[in-house]
Amino acid sequence: MTAEAPAMGMAHAESDGHVVPSSQGINTALLGMLLFIGSEVMFFAGLFGAYFNARAAALAQGQAWPPPGLENVIEPGIVPVLATTILIASSFTMQYALRRIGKGDRTGMNRALAVTLIMGLTFLGMQAFDYYELLVDHGFGINSGIYGTLFFTMTGFHGAHVFGGVVGITIILLRGLAGQFSGRHHVAVEAVSAYWHFVDVVWIFLFATLYFLK
Amino acid sequence: MATTTLAPRAATYQGRRSWLYGWLTTTDHKKIGAMYIFTSFLFFIAGGVMALLIRTELAAPGVQFVDPETYNQLFTIHGTTMIFLFVMPMNVGLANYIVPLQIGAADMAFPRINALSFWMIPLGGLLLFSGYAVGGAANAGWTGYVPLSAQGGAGLDLWLMSLVLLGMSSVLGAINFLATIFKLRAPGMTLLRMPLFVWNTLVTSVLLLFAIPVITAGLMMLFIDRNYGGGFFDPALGGNPVLWQHVFWFFGHPEVYILILPAFGIVTEILPVFSRKPLFGYKAFVFATASIGALGFSVWAHHMFTTGAVYLPFFSFFTFLIAVPTGIKFFNWLATMWRGQLRFSTPLLYALGFISLFLIGGLDGAFLAVVPFDFHVQDTYWVVSHLHYVLVAGAVFGIFAGLFYWFPKMTGRMLSERLGKWQFVLLFVGTNLTFFPQHLLGLDGMIRRIVDYAPNPGWTELNLLSTIGAFMIAASVVPFIWNVFTTLRGPRNAPDDPWEGNTLEWATTSPPPPYNFDSLPPIRSERPLFDLRHGLTGHGPAAVTPQLPAGDPADHREAAQ
């Protein structure tokens, strides 16, 4: 384009060494996704802030945390541990999908995306099962005092974000099946994978906080 | 990038679609910016009518025509409207129109998301005001403190949903501005050659990006408390009411910089142009803007001194610290005007009004940073006076300065200077008449947010003065509307660069064509249009003839200074 500029009169025909073309550096759409993830980090920071505020207040007043009677409700049993393992593993399959398309392997990417999608759905199914057990077997719900409110709000919003990621993966899988990505053009896959990793990392912090630290 | 900025004026697609369809479906940053400005101005009038109702009720002691419940709804919706539906979208509208032009871009980075951000604004407004249709709008103040906001009817739920929606609009807008500023700058437009308005938009966007999600989390928590038996803010369930104040003000204090930084940017654009001098201390401005943004996240609890739940010395100290970068800005503004050839056109009048009155708002804010004084005037009209001096005399004056400055660019028509000056006088006198007496009422202990007050000595007179001032402010809007109306019906009389501006928006036609630029001048300083008019010799004092060494043209400028 610069070469054509003099034909258009008052144009910056010469470069002065400070050119900032968008072809350099991070892709604009990926930058948008990373900024969005930055805002999401602050959203979960607000929820974590509420958790530690309640926890610190209870401990400062010499009360137990978790509140009495709820000590053993949230336990790292078989379902949460399995769900966590699956979600963490799905980050690796997601990254593998990105790697495949980076090498121009559309089929490999589609397969890895399909596996990631199934793992994401499995996580959501196990979370639903966990919720069911808590609600029915323990009578522990969002209205069971601050502890229940925090648990269900934090994991619920995380689950909603996993669902958002599942929708994103579905879209790029459908686009992948339609052959819309190539080794050079797959920014949507990169953006969705960044979001998926973010969702995964949030869960690691949630799991550590809610199930172990308490 | 080069492809977009240097694209020849594209012939727009002329389908059989109607004019209305074109506006409703547009993704052009200029049309979206214009819609933001128009919509937020309507909300300005709605919020202003509420303010008049409030001031009319307060003109004399006793409850005259607004019952207490209606009064609570009035000040809640007035505050929420003015902040979230007037000042914020108005700032976004101006930035939407001007930022891509100032950095030499063809549009925003994500034009369709830009349209989405805009259309969330009228929808959010509809949600907020629909409270009146379901048995009473929100009535817990714009700060929505619990436990008051945990009670109340469906109006409060609509208020919560409205704020969540408006917050999403702001976050998407912030992402869009950041991506635009980082990725779509024209060749040569380095970060330290960006106009200060763009810098202020950048810092504002960072604040929005990190502050809004926190209040969104808080609004969600309150919604869960209200509707699903949650216990976040209910001590009976183990919750903590002060948590709401933390979450709210962690957003709320950056929010006040979100409201004022664009006005800082506008004033910083206007002063050098109308003083016919270069801006004094460009890099200091950038540094001060960034520090105000960063410090904005460390002072939220100065809104909570009297809760007894915060460490007073820390928050008091950091609040005072913000006066340093703000002071740098003030002295740089004064130094920019010093010995300049001032042209007292309407934009400069508004900029001067901003500087003088925002100083008052800043100083009475510094009073509030003094902890013992804050305990004395907590929840009094001192606070009301302070926040209106920074928001009306600050943000609103900045907005009118920007509207008068950029109106010729947006429409190709010059607004009437005579009507503009009448408006300025009315608004300047009205603002001081409304809000200065409130300082005295606050010192005397008059509590805010109450429909009635005792007929203590002096209170009636001061309140009456304040009410008269409020009607003067309302009267000042009339010449503005008339001005815009008659100008838009008049001929296109504005040249491309009516003010002899410095920045790129004046390099294109008025109004700019689709995709903005046929071609761009070389960008080798923060004033590319000044360079174009005067060449590189224009930077130094007239007597100095610079000896230009060979090499990078950017270095010539440094040598000439």
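**Close-up 1. Glu417(B) and Lys421(B) are joined by a salt bridge in this predicted model, with 3.6 Å between the closest N and O atoms.** Both residues belong to helix α15 of chain B, which spans residues 417-443, and they are 4 residues apart, about one turn of the helix. Glu417(B) is partly exposed, its relative accessible area being 27%, and Lys421(B) is likewise partly exposed, with a value of 33%.

**Close-up 2. A salt bridge connects Arg226(B) with Asp157(B), and the closest N and O atoms lie 2.8 Å apart.**

**Close-up 3. In chain A, the side chains of Arg100(A) and Asp105(A) meet in a salt bridge, at a distance of 3.0 Å from N to O.** Asp105(A) has a relative accessibility of 24% and counts as partly exposed, because this class covers values between the buried limit of 20% and the exposed limit of 50%.

**Overview of the close-ups.** A search of the whole structure finds 7 salt bridges over all chains, including the pair Glu417(B) and Lys421(B), the pair Arg226(B) and Asp157(B), and the pair Arg100(A) and Asp105(A).

How values were computed. Residues numbered from 1 in each chain as written. Chains lettered and ligands numbered in written order. Predicted model: local features only at pLDDT ≥ 70, side-chain atom pairs only at ≥ 80, totals over all residues. Heavy atoms only, no water. Salt bridge = Lys/Arg side-chain N within 4 Å of Asp/Glu carboxyl O. Buried < 20%, exposed > 50% of the residue type's maximum accessible area, 1.4 Å probe, protein only. Helix = DSSP H or I, 4+ residues; strand = E, 2+ residues; numbered from the N terminus.
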